[in-house]
Amino acid sequence: MTPTASQPAEAALTANALFLTLTLHPGAAALAAFRGFCADLPALVRAVGFRSAEAGLSCVPGIGAGLWERLEMGARPQGLHPFHALAGVHRAPATPGDILLHIRASRPDFCFELATQAMRRLGPAVTVEDETQGFRFFDNRDLLGFVDGTENPGGAALAAAVTVGDEDPPFAGGSYVVVQKYLHDLAKWEAMPVEAQERVIGRRKLSDIEFPASEKAAFAHNVLTNIVDAQGNPLQILRDNMPFGSPARGEFGTYFIGYAREPGRIETMLRNMFIGDPPGNYDRILDVSTAVTGGLFFVPAAAMLQRIGAGESLAAPDPEVEPPPRRDGSLGLGSLKRGD
Ligand code: HEM
(Lines give C-alpha, C1' and ligand atoms only; values in the text may rest on other atoms or scores of the structure.)
Protein backbone atom coordinates (compact mmCIF):
# COMPACT_ATOMS: atom_id res chain seq x y z
CA MET A 1 0.00 0.00 0.00
CA THR A 2 1.22 3.50 -0.78
CA PRO A 3 2.00 5.45 2.38
CA THR A 4 -0.69 8.07 2.78
CA ALA A 5 -1.30 11.12 4.88
CA SER A 6 -5.05 11.34 5.17
CA GLN A 7 -7.27 8.34 4.69
CA PRO A 8 -9.68 7.50 7.49
CA ALA A 9 -11.46 4.84 5.51
CA GLU A 10 -8.34 2.76 5.09
CA ALA A 11 -5.84 0.80 7.13
CA ALA A 12 -8.33 -0.27 9.78
CA LEU A 13 -7.08 -2.77 12.33
CA THR A 14 -3.38 -2.42 11.72
CA ALA A 15 -1.10 -4.12 14.22
CA ASN A 16 0.19 -0.84 15.63
CA ALA A 17 -1.03 2.70 16.15
CA LEU A 18 0.19 5.82 17.84
CA PHE A 19 -2.28 8.48 18.91
CA LEU A 20 -1.03 12.01 19.57
CA THR A 21 -3.28 14.73 20.96
CA LEU A 22 -1.75 18.21 20.93
CA THR A 23 -2.83 21.75 21.75
CA LEU A 24 -1.37 24.55 19.66
CA HIS A 25 0.21 27.46 21.50
CA PRO A 26 -1.39 30.89 21.03
CA GLY A 27 0.14 33.29 18.50
CA ALA A 28 0.98 33.59 14.85
CA ALA A 29 4.25 31.64 15.02
CA ALA A 30 2.50 28.52 16.32
CA LEU A 31 -0.20 28.84 13.65
CA ALA A 32 2.46 29.16 10.95
CA ALA A 33 4.19 26.05 12.30
CA PHE A 34 0.91 24.15 12.07
CA ARG A 35 0.29 25.32 8.50
CA GLY A 36 3.79 24.26 7.57
CA PHE A 37 3.18 20.86 9.11
CA CYS A 38 -0.06 20.43 7.09
CA ALA A 39 1.79 21.29 3.89
CA ASP A 40 4.63 18.86 4.71
CA LEU A 41 2.65 15.94 6.10
CA PRO A 42 2.15 14.02 2.82
CA ALA A 43 5.89 14.27 2.07
CA LEU A 44 6.77 13.21 5.62
CA VAL A 45 4.54 10.14 5.41
CA ARG A 46 6.01 9.31 1.98
CA ALA A 47 9.58 9.66 3.22
CA VAL A 48 9.10 7.52 6.33
CA GLY A 49 6.71 5.05 4.72
CA PHE A 50 8.68 4.45 1.53
CA ARG A 51 11.27 2.40 3.42
CA SER A 52 8.78 -0.47 3.49
CA ALA A 53 5.52 -0.49 1.56
CA GLU A 54 4.49 -3.55 3.60
CA ALA A 55 4.52 -1.42 6.76
CA GLY A 56 1.42 0.35 5.38
CA LEU A 57 2.18 3.61 7.17
CA SER A 58 -0.62 6.17 7.31
CA CYS A 59 -1.40 9.28 9.29
CA VAL A 60 -4.81 10.85 9.67
CA PRO A 61 -4.70 14.44 10.98
CA GLY A 62 -7.70 15.79 12.89
CA ILE A 63 -8.39 19.45 13.69
CA GLY A 64 -10.43 20.54 16.71
CA ALA A 65 -13.12 23.26 16.69
CA GLY A 66 -10.97 25.85 18.49
CA LEU A 67 -8.07 25.52 16.08
CA TRP A 68 -10.40 25.59 13.08
CA GLU A 69 -11.59 29.04 14.20
CA ARG A 70 -8.00 30.24 14.41
CA LEU A 71 -7.31 29.09 10.85
CA GLU A 72 -9.81 31.69 9.58
CA MET A 73 -10.79 29.56 6.61
CA GLY A 74 -14.01 31.50 6.03
CA ALA A 75 -16.14 28.37 6.45
CA ARG A 76 -16.40 25.65 9.05
CA PRO A 77 -17.35 22.00 8.72
CA GLN A 78 -21.04 21.74 9.70
CA GLY A 79 -20.55 19.13 12.39
CA LEU A 80 -17.42 20.52 14.02
CA HIS A 81 -17.82 21.65 17.62
CA PRO A 82 -16.06 20.95 20.91
CA PHE A 83 -16.60 17.43 22.27
CA HIS A 84 -19.74 17.34 24.44
CA ALA A 85 -18.97 15.98 27.90
CA LEU A 86 -21.61 13.63 29.31
CA ALA A 87 -22.62 13.07 32.90
CA GLY A 88 -25.12 10.23 33.19
CA VAL A 89 -24.72 7.04 35.16
CA HIS A 90 -21.04 7.40 34.20
CA ARG A 91 -19.02 10.41 33.03
CA ALA A 92 -17.46 11.10 29.65
CA PRO A 93 -15.12 14.07 30.09
CA ALA A 94 -14.12 16.54 27.38
CA THR A 95 -10.36 17.11 27.43
CA PRO A 96 -8.12 19.62 25.60
CA GLY A 97 -6.84 18.98 22.09
CA ASP A 98 -6.47 21.01 18.88
CA ILE A 99 -4.69 18.41 16.79
CA LEU A 100 -5.09 14.64 16.63
CA LEU A 101 -2.60 12.49 14.76
CA HIS A 102 -3.77 8.92 14.19
CA ILE A 103 -0.68 7.11 12.99
CA ARG A 104 -1.01 3.49 11.88
CA ALA A 105 1.35 0.85 10.52
CA SER A 106 1.96 -2.84 10.72
CA ARG A 107 5.26 -2.08 12.52
CA PRO A 108 5.73 0.03 15.65
CA ASP A 109 9.01 1.54 14.39
CA PHE A 110 7.18 3.24 11.52
CA CYS A 111 4.63 4.80 13.88
CA PHE A 112 7.42 5.86 16.22
CA GLU A 113 9.51 7.44 13.46
CA LEU A 114 6.60 9.38 11.97
CA ALA A 115 5.62 10.67 15.42
CA THR A 116 9.24 11.70 15.98
CA GLN A 117 9.31 13.61 12.68
CA ALA A 118 5.94 15.22 13.44
CA MET A 119 7.13 16.36 16.86
CA ARG A 120 10.33 17.74 15.32
CA ARG A 121 8.14 20.01 13.16
CA LEU A 122 5.46 20.82 15.72
CA GLY A 123 7.23 20.40 19.07
CA PRO A 124 8.01 24.05 19.90
CA ALA A 125 4.48 25.10 18.90
CA VAL A 126 2.42 22.57 20.88
CA THR A 127 1.68 21.09 24.28
CA VAL A 128 1.31 17.31 24.24
CA GLU A 129 -1.99 16.42 25.90
CA ASP A 130 -1.71 12.68 25.31
CA GLU A 131 0.49 10.14 23.58
CA THR A 132 -0.80 6.56 23.47
CA GLN A 133 0.84 3.64 21.74
CA GLY A 134 -1.67 0.96 20.80
CA PHE A 135 -0.92 -2.61 19.82
CA ARG A 136 -2.75 -5.56 18.36
CA PHE A 137 -3.66 -8.06 21.08
CA PHE A 138 -3.86 -11.60 19.67
CA ASP A 139 -6.79 -11.93 17.22
CA ASN A 140 -7.83 -8.25 17.43
CA ARG A 141 -9.04 -8.57 21.02
CA ASP A 142 -9.38 -5.72 23.46
CA LEU A 143 -7.92 -6.13 26.94
CA LEU A 144 -11.34 -7.25 28.19
CA GLY A 145 -10.64 -10.33 26.05
CA PHE A 146 -13.31 -9.76 23.34
CA VAL A 147 -12.68 -9.45 19.61
CA ASP A 148 -13.14 -5.75 18.80
CA GLY A 149 -13.99 -4.43 15.32
CA THR A 150 -16.03 -7.32 13.91
CA GLU A 151 -19.09 -5.32 12.91
CA ASN A 152 -17.21 -2.51 11.17
CA PRO A 153 -18.73 -1.67 7.79
CA GLY A 154 -16.83 -2.63 4.64
CA GLY A 155 -16.83 -1.69 0.94
CA ALA A 156 -19.37 0.90 -0.18
CA ALA A 157 -21.02 0.94 3.27
CA LEU A 158 -17.69 1.98 4.77
CA ALA A 159 -17.25 4.97 2.47
CA ALA A 160 -20.88 5.98 3.02
CA ALA A 161 -20.44 5.77 6.81
CA VAL A 162 -17.27 7.82 7.13
CA THR A 163 -17.00 10.25 4.23
CA VAL A 164 -18.64 13.68 4.16
CA GLY A 165 -20.66 14.00 0.96
CA ASP A 166 -22.95 16.51 -0.72
CA GLU A 167 -24.54 17.52 2.58
CA ASP A 168 -21.56 19.85 3.18
CA PRO A 169 -19.97 20.52 -0.24
CA PRO A 170 -16.86 22.51 0.78
CA PHE A 171 -15.88 19.71 3.14
CA ALA A 172 -16.86 16.71 0.99
CA GLY A 173 -14.26 13.97 1.17
CA GLY A 174 -13.44 14.81 4.80
CA SER A 175 -14.53 12.98 7.92
CA TYR A 176 -15.09 13.40 11.66
CA VAL A 177 -13.29 11.48 14.36
CA VAL A 178 -14.06 11.01 18.06
CA VAL A 179 -11.45 9.67 20.48
CA GLN A 180 -11.73 8.55 24.08
CA LYS A 181 -9.15 6.85 26.21
CA TYR A 182 -10.61 4.24 28.59
CA LEU A 183 -8.91 2.63 31.59
CA HIS A 184 -10.18 -0.80 32.62
CA ASP A 185 -10.56 -2.23 36.12
CA LEU A 186 -9.46 -5.69 35.03
CA ALA A 187 -9.69 -7.22 38.50
CA LYS A 188 -13.39 -6.29 38.64
CA TRP A 189 -14.02 -7.51 35.08
CA GLU A 190 -12.21 -10.80 35.60
CA ALA A 191 -14.19 -11.43 38.79
CA MET A 192 -17.33 -11.56 36.62
CA PRO A 193 -18.33 -14.95 35.18
CA VAL A 194 -17.66 -15.17 31.43
CA GLU A 195 -21.42 -15.54 30.83
CA ALA A 196 -22.02 -12.17 32.52
CA GLN A 197 -19.24 -10.55 30.45
CA GLU A 198 -20.84 -11.95 27.29
CA ARG A 199 -24.20 -10.37 28.25
CA VAL A 200 -22.42 -7.01 28.62
CA ILE A 201 -20.89 -7.20 25.13
CA GLY A 202 -23.71 -9.15 23.41
CA ARG A 203 -21.34 -11.68 21.86
CA ARG A 204 -19.63 -14.93 22.84
CA LYS A 205 -16.14 -14.33 24.20
CA LEU A 206 -14.17 -17.19 22.63
CA SER A 207 -15.97 -17.56 19.29
CA ASP A 208 -16.99 -13.87 18.86
CA ILE A 209 -20.44 -15.08 17.71
CA GLU A 210 -23.19 -12.48 18.21
CA PHE A 211 -26.14 -13.39 20.45
CA PRO A 212 -29.48 -13.70 18.63
CA ALA A 213 -31.46 -10.47 19.09
CA SER A 214 -33.99 -12.25 21.33
CA GLU A 215 -31.22 -13.28 23.74
CA LYS A 216 -29.45 -9.93 24.02
CA ALA A 217 -29.77 -7.92 27.23
CA ALA A 218 -31.27 -4.45 26.74
CA PHE A 219 -28.01 -3.01 28.11
CA ALA A 220 -25.72 -5.02 25.79
CA HIS A 221 -23.01 -2.89 24.18
CA ASN A 222 -24.09 -4.00 20.71
CA VAL A 223 -27.71 -3.04 21.44
CA LEU A 224 -26.90 0.46 22.73
CA THR A 225 -24.47 1.23 19.91
CA ASN A 226 -26.62 -0.24 17.13
CA ILE A 227 -28.61 2.79 15.95
CA VAL A 228 -30.75 3.68 12.94
CA ASP A 229 -32.03 6.86 11.27
CA ALA A 230 -35.70 7.93 11.01
CA GLN A 231 -36.14 5.60 8.00
CA GLY A 232 -34.66 2.64 9.84
CA ASN A 233 -31.32 2.67 7.99
CA PRO A 234 -28.30 1.73 10.13
CA LEU A 235 -26.08 4.64 11.19
CA GLN A 236 -22.64 3.11 11.05
CA ILE A 237 -19.18 4.27 12.07
CA LEU A 238 -15.66 2.95 11.54
CA ARG A 239 -13.88 1.97 14.76
CA ASP A 240 -10.17 1.32 15.02
CA ASN A 241 -9.88 0.76 18.78
CA MET A 242 -6.51 -0.29 20.13
CA PRO A 243 -5.42 -1.83 23.39
CA PHE A 244 -2.71 0.01 25.31
CA GLY A 245 -1.23 -0.17 28.76
CA SER A 246 1.57 -0.89 31.15
CA PRO A 247 1.52 -4.10 33.17
CA ALA A 248 4.13 -2.64 35.52
CA ARG A 249 1.85 0.30 36.36
CA GLY A 250 -1.28 -1.83 36.40
CA GLU A 251 -2.65 0.19 33.47
CA PHE A 252 -4.92 -1.62 31.00
CA GLY A 253 -6.92 0.34 28.49
CA THR A 254 -8.82 0.67 25.24
CA TYR A 255 -8.21 3.69 23.01
CA PHE A 256 -11.58 4.23 21.33
CA ILE A 257 -11.43 5.93 17.94
CA GLY A 258 -14.52 6.25 15.75
CA TYR A 259 -14.85 7.87 12.29
CA ALA A 260 -18.14 9.08 10.80
CA ARG A 261 -19.43 11.41 8.08
CA GLU A 262 -21.16 13.42 10.80
CA PRO A 263 -20.47 13.28 14.54
CA GLY A 264 -24.14 13.07 15.62
CA ARG A 265 -24.32 9.29 15.29
CA ILE A 266 -21.25 8.81 17.52
CA GLU A 267 -22.75 11.25 20.02
CA THR A 268 -26.01 9.27 20.05
CA MET A 269 -24.07 6.07 20.75
CA LEU A 270 -22.23 7.83 23.57
CA ARG A 271 -25.48 9.10 25.08
CA ASN A 272 -26.91 5.58 24.92
CA MET A 273 -23.81 4.23 26.64
CA PHE A 274 -23.34 6.85 29.37
CA ILE A 275 -26.88 8.09 30.08
CA GLY A 276 -28.72 5.02 28.83
CA ASP A 277 -31.51 4.19 26.39
CA PRO A 278 -33.93 4.65 28.02
CA PRO A 279 -32.08 6.73 30.62
CA GLY A 280 -30.68 4.41 33.26
CA ASN A 281 -30.29 1.48 30.83
CA TYR A 282 -26.59 2.26 30.42
CA ASP A 283 -23.63 0.29 29.04
CA ARG A 284 -22.15 -2.02 31.71
CA ILE A 285 -18.73 -1.84 29.99
CA LEU A 286 -18.58 1.48 31.84
CA ASP A 287 -18.80 -0.20 35.26
CA VAL A 288 -15.28 -1.49 34.55
CA SER A 289 -14.03 1.17 32.10
CA THR A 290 -13.42 4.83 32.90
CA ALA A 291 -13.23 7.40 30.10
CA VAL A 292 -10.32 9.71 30.90
CA THR A 293 -10.19 11.76 27.68
CA GLY A 294 -12.68 12.93 25.04
CA GLY A 295 -12.18 14.85 21.80
CA LEU A 296 -13.88 15.57 18.48
CA PHE A 297 -11.93 16.54 15.36
CA PHE A 298 -12.52 17.20 11.67
CA VAL A 299 -10.31 15.33 9.20
CA PRO A 300 -9.77 17.40 6.06
CA ALA A 301 -9.51 15.72 2.67
CA ALA A 302 -6.03 15.79 1.15
CA ALA A 303 -6.75 18.83 -1.06
CA MET A 304 -8.16 20.72 1.93
CA LEU A 305 -5.08 19.89 3.99
CA GLN A 306 -2.97 21.53 1.30
CA ARG A 307 -5.19 24.62 1.32
CA ILE A 308 -4.78 24.88 5.09
CA GLY A 309 -1.05 24.54 4.58
CA ALA A 310 -1.09 27.32 1.97
CA GLY A 311 -3.15 29.62 4.22
CA GLU A 312 -5.96 29.82 1.65
CA SER A 313 -9.46 30.93 2.58
CA LEU A 314 -12.47 28.87 1.54
CA ALA A 315 -14.66 31.95 1.29
CA ALA A 316 -14.26 32.11 -2.51
CA PRO A 317 -13.32 28.64 -3.75
CA ASP A 318 -11.55 28.68 -7.09
CA PRO A 319 -12.84 25.83 -9.27
CA GLU A 320 -9.48 25.82 -11.08
CA VAL A 321 -7.61 24.81 -7.94
CA GLU A 322 -10.36 22.91 -6.10
CA PRO A 323 -10.66 19.41 -7.59
CA PRO A 324 -14.10 17.83 -7.32
CA PRO A 325 -14.51 15.76 -4.17
CA ARG A 326 -13.60 12.12 -4.62
CA ARG A 327 -16.39 9.63 -4.49
CA ASP A 328 -14.38 6.54 -3.56
CA GLY A 329 -14.32 7.22 0.17
CA SER A 330 -10.62 7.95 0.31
CA LEU A 331 -9.35 11.38 1.20
CA GLY A 332 -7.56 11.80 -2.07
CA LEU A 333 -4.25 10.07 -1.48
CA GLY A 334 -3.42 6.43 -2.04
CA SER A 335 -5.71 3.58 -2.78
CA LEU A 336 -8.89 2.59 -0.97
CA LYS A 337 -7.95 -0.80 0.35
CA ARG A 338 -8.83 -2.19 3.74
CA GLY A 339 -6.91 -4.63 5.85
CA ASP A 340 -3.45 -3.97 4.40
C1 HEM B 1 -14.06 0.66 26.58
C2 HEM B 1 -14.46 1.00 25.38
C3 HEM B 1 -15.00 0.03 24.38
C4 HEM B 1 -14.78 -1.30 24.23
C5 HEM B 1 -13.87 -2.21 25.05
C6 HEM B 1 -15.60 -1.74 23.11
C7 HEM B 1 -15.66 -3.04 22.65
C8 HEM B 1 -16.50 -3.49 21.67
C9 HEM B 1 -16.66 -4.88 21.27
C10 HEM B 1 -15.90 -6.04 21.88
C11 HEM B 1 -17.58 -4.93 20.28
C12 HEM B 1 -18.12 -6.19 19.56
C13 HEM B 1 -17.36 -6.56 18.35
C14 HEM B 1 -17.44 -5.54 17.24
O15 HEM B 1 -18.42 -5.47 16.49
O16 HEM B 1 -16.50 -4.77 17.13
C17 HEM B 1 -18.00 -3.57 20.03
C18 HEM B 1 -18.93 -3.19 19.08
C19 HEM B 1 -19.28 -1.90 18.83
N20 HEM B 1 -18.89 -0.78 19.50
FE21 HEM B 1 -17.63 -0.74 21.08
N22 HEM B 1 -16.28 -0.68 22.61
C23 HEM B 1 -15.96 0.44 23.35
C24 HEM B 1 -16.43 1.72 23.18
C25 HEM B 1 -17.29 2.10 22.18
C26 HEM B 1 -17.75 3.44 21.97
C27 HEM B 1 -17.35 4.64 22.84
C28 HEM B 1 -18.56 3.41 20.87
C29 HEM B 1 -19.31 4.53 20.17
C30 HEM B 1 -19.41 5.75 20.60
C31 HEM B 1 -18.60 2.04 20.41
C32 HEM B 1 -19.31 1.61 19.30
C33 HEM B 1 -19.45 0.30 18.91
C34 HEM B 1 -20.25 -0.12 17.78
C35 HEM B 1 -21.02 0.77 16.81
C36 HEM B 1 -20.16 -1.52 17.73
C37 HEM B 1 -20.86 -2.45 16.73
C38 HEM B 1 -22.23 -2.78 17.27
C39 HEM B 1 -23.00 -3.70 16.33
O40 HEM B 1 -23.65 -3.17 15.43
O41 HEM B 1 -22.92 -4.91 16.52
N42 HEM B 1 -17.83 1.28 21.22
N43 HEM B 1 -17.33 -2.71 20.88
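**Close-up views of a predicted model**

**View 1. Helices α1 and α3 are roughly antiparallel to each other, because their axes cross at roughly 155°, and an angle over 145° counts as roughly antiparallel.** The model shown here is predicted. Helix α1 covers residues 28–49, and helix α3 covers residues 108–122. Their axes come within 10 Å. The crossing in which α1 passes α3 is right-handed.

**View 2. Helix α1 also meets helix α9.** Helix α9 is formed by residues 302–310. The axes of α1 and α9 come within 7 Å and cross at roughly 140°. That angle makes α1 oblique to α9. Here α1 passes α9 in a left-handed crossing, whereas its crossing with α3 is right-handed.

**View 3. Strand β1 pairs with β5 and with β6.** Strand β1 runs through residues 16–24. It is mostly covered, with 8 of its 9 residues buried. One partner is β5, residues 99–105, which pairs with β1 in the antiparallel sense over 7 bridges. Strand β6, residues 126–135, also pairs with β1 in the antiparallel sense, over 9 bridges.

**View 4. A shell of 27 residues lies around the ligand.** Phe146, Glu151, Asn222, Thr225 and Met269 come nearest. Which elements each supply at least two residues of the shell? They are β7 (175–184), α7 (221–224), β10 (251–260) and α8 (264–274). Helix α8 gives the largest share, 4 residues. By class, the shell holds 12 nonpolar, 10 polar and 5 charged residues.

**View 5. Thr163 sits in the loop between α4 and β7.** Helix α4 spans 155–162. Is Thr163 buried or exposed? Thr163 is buried, because 26 other C-beta atoms lie within 10 Å, and 20 or more are enough to count as buried. Now look across to Ser175. Thr163 and Ser175 are 12 residues apart along the chain. Their C-alpha atoms are separated by 5.2 Å.

How values were computed. Residues are numbered from 1 along each chain as its sequence is written. This is a predicted model: local features need pLDDT of at least 70, side-chain atom pairs count only at pLDDT 80 or more; totals for chains, interfaces and linings use all residues. A residue is near a molecule or strand if its C-beta atom, placed from the backbone, lies within 6 Å of it. Ala, Val, Leu, Ile, Met, Phe, Trp, Tyr, Cys and Pro count as nonpolar, Asp, Glu, Lys and Arg as charged, and the others, Gly among them, as polar. A residue is buried if 20 or more other C-beta atoms lie within 10 Å of its own, exposed if 12 or fewer, and partly exposed in between; C-beta atoms are placed from the backbone. Two strands pair if DSSP finds at least two bridges between them. Axes are lines fitted to C-alpha atoms, for helices over the stretch in contact, and angles run from 0 to 180 degrees between N-to-C directions. Angles under 35 degrees count as roughly parallel, over 145 as roughly antiparallel, 65 to 115 as roughly perpendicular and the rest as oblique. A crossing is left-handed if the near helix is turned anticlockwise from the far one by less than a right angle, and right-handed if clockwise.
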